[in-house]
Structures are given as structure tokens and as C-alpha cells.
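Here is a short note for someone opening this entry for the first time. Please keep the sequence and the model in view while reading.

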Amino acid sequence: MASRNIYQPLDPSRNEIRLLHILPKALFADRPYDIFCTIKRISLDEAKSTYRALSYAWGTEVSWRRIYICRDGSEVPITLQENLYQALFHLQELNEDVSWEPFLVWADALCINQSDDTEKTHQVQQMKSVYENALNVMVWLGVAADGSDMAIASMRHVYSRAMELERAQERSWSDVSFELNTKSHEEASFPLTEMVAFLLRPWWSRIWVVQEISAATAVQFYCGYRSMQEVQMYLALDVFFSMQDNCSTKAFLSRTDYEHRVAALQDFGLRSSIINELPCARSSNQGQAPRFMERLTQWYAAEPSSAIVMKATDPRDFVFSLLGISSDALELGLKPDYSKSQHEVFVDTAAAIISSGDMEILTLAEGSNRSLPSWVPDWESEIAHTLQRGPWSFSLSISEHFFGPDEPRPTLDLRPYMASRGIDQDSQVVKLSGQLSILSISVILLDHVDQIFGSGIFYKSINDDLFQYWDGIYTAAQNVGSSERPYHNLGDAFFRLLTLDRERVNSGALFSICSAREGSWGSAQKAFSMWRDHHSRNAPTEFWNSLKEDVSLALFAVTSRTVTVGKRPFMTKQGWIGMGPERMLQGDVVAIIAGAAVPFILRVDDQGHHRLIGEAYVQGVMDGEAVEMGLQMFQVSQYLELYDGGLRFQISEYLSPNACKNKVQRIRSIRSVIPGSQDPE
């Protein structure tokens, strides 16, 4: 990377940045493959609309190239990664084809001294402004390869055809997209192999590009010497992704060969939500930026299995990259700070969100890194969708038979659960030193897990997997008859568990997909009877074949499996039934945390230490019923975790509200374990 001696200190008081001035090739005609630049410091206000900001993937290439910084009459060679070199080389040539104006570029790897954490922290904090003030954002997808020219040509064609339809019929984009995908897929015939390679390029999975695109006023895409306007890319990919959905939901036997191949693309993880951040996509919705918690769940916890998984070279950037485009970052007191360790960044992020009164972050901590407190999400690991924010595809996959004759299909998730309704959030994070933190919460201890059903594993065959999974849910539902809990009949309990009794919002009206209404209950009973018949004969293949006779019902069955992935049916000692995390064990505590929308599974070891295991669906308490029952509240000071030379201490016990001060006093007795630790206030 760049040598330190090319950088002069930036003045933070002037919001200075560096710009790369790429010099014309004509000045160095005898060296056509070398790039010559100057670097200048300038305040961001003075630089507004005079430069272009580069959005690209750093990459992990071992190949390095050299460019030259012209300074004080000499050429200073610096090395940079191959992808950045190719971006500058191609964009320089493209710029000189249309203009001889100075080509000023901002590229983070060169314009920020990556060896100076103090400068890096300040520059990252103002990165949103850098992209906002640029003349435009140039997205570099890489050199031409794997049929990328063909993919771009096809997307341009689709865009042109869509515009023709729009002009001829005076229809909106959404209608045009629907027509292209439902009436004639040949109208939007993409070269599939080339499109897969195009969408698997590293740029689409780089988390920093979310901010870079969100902040932009205009975007242009480049791949080799081909380019596309943002509106072309947006509409073409919107058509491409909706075509996948339409082909996947189309009856298997009625698909063409091309439609079969399109449907199979769901397994490649190609869907990118980045296109929704483009300026042309945001033009009709320029409201306040989402909250930080909304951003985190949007990009890490709410994506379907067919979506691209976002990545970052530095794990801290999973947090830092989204702060600049969140409305409440300052209110939370969070900002990029590269002097902090990954552990500190993740803990501080969770603590700030909890302190703001948002307990939803606890639902994202399931299966976290063991080196983190159990209530802190590990943003570096893949986070599954949560109970409150199931996969977007669920509502799209529900059979039409599950709705009344006059009810359109719902399209939006409503976070339907309110398990702690009626009690205020009452939590506090006490930080004693770098890696010593306490989360103090108020809880209702509902019961203890007594039985866990199902194997908790995936079977290779969808026949066996679906059959065995339904068997576990059915076994749990059968316990309704012997339970003292206020449930409905066996069939009702079965389908509520199968769908987590998820509610949807549609035109302002709430309804449950398994509510006992004439239009849906008949189909539910039909499926349940089908299940019982094949279950009694242990016939998984026959059951699946019967489901497939009704394509929409089969799709619903498969998607309900997706909704509950990572969950296992359980029953408590008092007869509560529900779905809990796979790591749940017999004897775990089922608790409702004040301020949280869903119950949680906690584990208490022989020493009384507590850990959060994960969120849970508990039938009959998801709407605040446990609070209405007047069950006793406890103050739990838990998840105190201290690391020193690999040794872990945990302190956790039930406390009355007045006992918290005594707890802190006792904590002081272990202060000597951490050199330089401070007393809690």
C-alpha cells in the first residue's frame, strides 16, 4: 500500500481530505501502462462537486501493482492492489475519451493514510460527507471477464424494452417489470451463466458500499470498458430478481426449460438489496434515514437464503460502515474508532442500543462468539433471521387459500409479538473495564424447559426433512390435551407452532395466517388431516407427493420450514409449548425480559451463572398474557464476563432492585484481576 512519506497531516478543523489527481496519459506517452498522479489536500467544502468518489472492493489478491505519485519534481512509486490499479487505469482512459478536464478521484486506500489510526478514524467518520459531496460515485465492478459484456448488454436491452413498454402503455415500472416477467420471459431473456458471474463479483458483498451508494447523488457502474447508468442497473436487476420469484412459484410441470434454470438461481445467493440504496430507487422515498438498529437488522438479520451475504475485511467495519447512514448514531454516542478492539466495538454497540431502550438486539445474539458476552451479537458471524423479522419471502409463499376471498396477499412483515407488553424496559449496562460488563435486566421467569422434540438436524431428502420436522411439531402439539395451558385444539396448536403464529399487516388490518376464518381454516384442516394420515403410516415420500399436488400448499410447507429454521419444539414443566433455539437444553429457563417483544431461553449453570441462549416462541404468551397473569418480576444482573489470560469469571444472581448496589460492591472485590480497572459509578 501507499508509503507514509507521501502523506502530509490533514487538518481536522477544516475537514480536510486528500484527492488523487490522475495526470493525462499524453504527458507520459512513452509509458502507456503506468499511472501518474498528484495528491492534494483540500477542505471538503472547497472540494464539493469537483471530484468523483470511487466505490470498489479492496479484494484479497496477492497481486500488487505500482503507480507513481509526482511530488517535488520526482516520482514516488507506491504499490496498491490489482483491483484498484485496474479501476484507475480503465477510468482514466474512459475519462480522457470524453474530457480533458482534470480527473480528480477520491479512493479510500490512497486518500487515507491507512497506517494512521487517528487519521483513519476521523476520515471514516466523515466518509458519508465525502460521497455526498462528490460529483458522482463511480462503481468499479472489475475488469471484463466471464461474459460480463454480454450480461451488461442484456441488462441494457431489458431496460430499453421496459422503457418502450412504459412509453407505449403509460405504465409504471412495477407494472412493466410484472409484464416482462409473467407474460413473456423471452422479453427479459438474460444470459444466466453470465449474470451469475456478474452478481458474484466481490463488490456486491462489500458492506461499505451500502453507505457509499446511500450517500451518493448520482451513480455510474463500470465493468471493464462497459458502463451502465444507475437507473438501467436498478430496473434491469429488479426485473431479474422478480423473474426468479415468478419462476420459482410457477408450477413445476408448466415451466419452460429456461424457467427451470431461472428458478434454480435461488440457490446461488445472488439477490442484492444494494440496488434499493441507489439514488434513483430512493427518489420517491426521501424520508428520515433509518435508525441504526434498523440498519443492522436490514443488512445482517433479515436477508433470505437467496441473498448475498455481506462481508468486511475488518470486522469492526460491520458496525462502522452503517453509522454514517443511521439517523440516531450521535444520539447513541457511537462513532468509528479504530483505537478500539473488535471486542470493545461489538460490546459498546450492544450496550448503546440496549441503553436506548431497544431490546431487540438481544434476538441477534443467538449463537454468538463465545469470547463475547452472550447478550452481544457477533456481527462477523452469519446471523439468522429473527422471530420478529422473518425472511421476506415468507408472505410471498403463503397459499392463496390461506386468505379470505376478498383479501389481497400481504407483502409486509409486522413485528407482531409483544410478550412484555405492560412492563417498561428496565435494563442497564455497567462497564467496569475493557472486557468486563454487566447487563442488568428485569425478567418474568415463566418456567423451565422439560421436553425437547425433533432431532434438530437437516435431512438430505426434502421428503424426510419435512416429515421429521413436522413430526417434532406434531409431538409437541399433542401435549396440548394434557396441558393446563389455555390452548385451542390439536390442529390449531399444530399450525400455530408450524408458522410461529406469525401475523401480517395488510391495508392496515392485522390477521394471523392461521386464524379460524372460513377462507383459510378449511385448507389448514385439509393439510393437517393429510399429515396425520401419512404420519400414522410413516410415509414421508407419499406425504410430500400429496403436498405437491397443490403447488401453493407445498410451497407454504417448505417456506414454513424456512421460517422456523434453527428452532426446535419444546414443552415446559407447566405445559407451555413453543419453539426454541437448537442449543436449548432440558432445564433451561424460559423468561420474558422487560422491554423485549419475544421470550428468551436462559441457561443457569451449577454456580448460578446465566447466559442468553436465544429467542423463543411460546404459545399463549406472545401478546403480554404472562404480564396480565401477574407473575413475579425478578431483577437479574447477568452475563458478567471477565477475560484475563483466557480465564473466564461469570457472576449472575437474582436480585431485588435494592440489591444492585450491594452487587456492585461485591464486584469490587475482584477488581485486582484486571490491572487498572475502575470502580463502577
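1. Beyond its neighbours within four places in sequence, Leu54 touches Leu84, Ala87, Leu88, Leu91, Val105, Trp106, Ala107, Tyr131, Met138 and Trp140. The model is a predicted one, and these contacts should be read as part of that prediction.

2. Leu54 also belongs to the largest nonpolar core, which has 168 residues. Together with Trp204, Leu54 has the most contacts inside that core. Among the contributors, helix α10, residues 230-249, gives the most, with 11 residues. Another core, of 18 residues, lies apart from this one and includes Ile444, Ile601, Val621 and Ala626.

3. Which strands does β3 pair with? Strand β3 covers residues 52-55. Two bridges join β3 to β6, residues 103-106, and the two strands run parallel. Here Arg52 stands opposite Val105. Four bridges link β3 to β7, residues 136-140, again in parallel. On that side Ala53 has Val137 as its bridge partner. In general, strands of a sheet pair through backbone hydrogen bonds, either parallel or antiparallel.

4. Now the sheet as a whole. It is open and formed by nine strands, in the order β5-β4-β2-β1-β6-β3-β7-β8-β9, with mixed pairing. At the edges are β5 (74-81) and β9 (226-229), each of which pairs on one side only. From one strand to the next, the twist averages 35°. In this order β3 sits between β6 and β7.

5. How high is the mean pLDDT of the protein chain? The mean is 76, and 71% of the residues reach 70 or more. Two stretches call for care. Over residues 182-186 pLDDT stays under 50, and the model has eight contacts beyond four places in sequence for them. Residues 503-520 also stay under 50, with 52 such contacts in the model. Where pLDDT is low, the predicted coordinates should not be read in detail.

Note on methods:
Residues numbered from 1 in each chain as written. Predicted model: local features only at pLDDT ≥ 70, side-chain atom pairs only at ≥ 80, totals over all residues. Heavy atoms only, no water. Pairing = 2+ DSSP bridges. Axes fitted to C-alpha atoms, helices over the stretch in contact; angles between N-to-C directions. Core = buried A, V, L, I, M, F, W, Y, C linked by side-chain atoms within 4.5 Å. Buried < 20%, exposed > 50% of the residue type's maximum accessible area, 1.4 Å probe, protein only. Contact = heavy atoms within 4.5 Å. pLDDT = per-residue confidence, 0-100.
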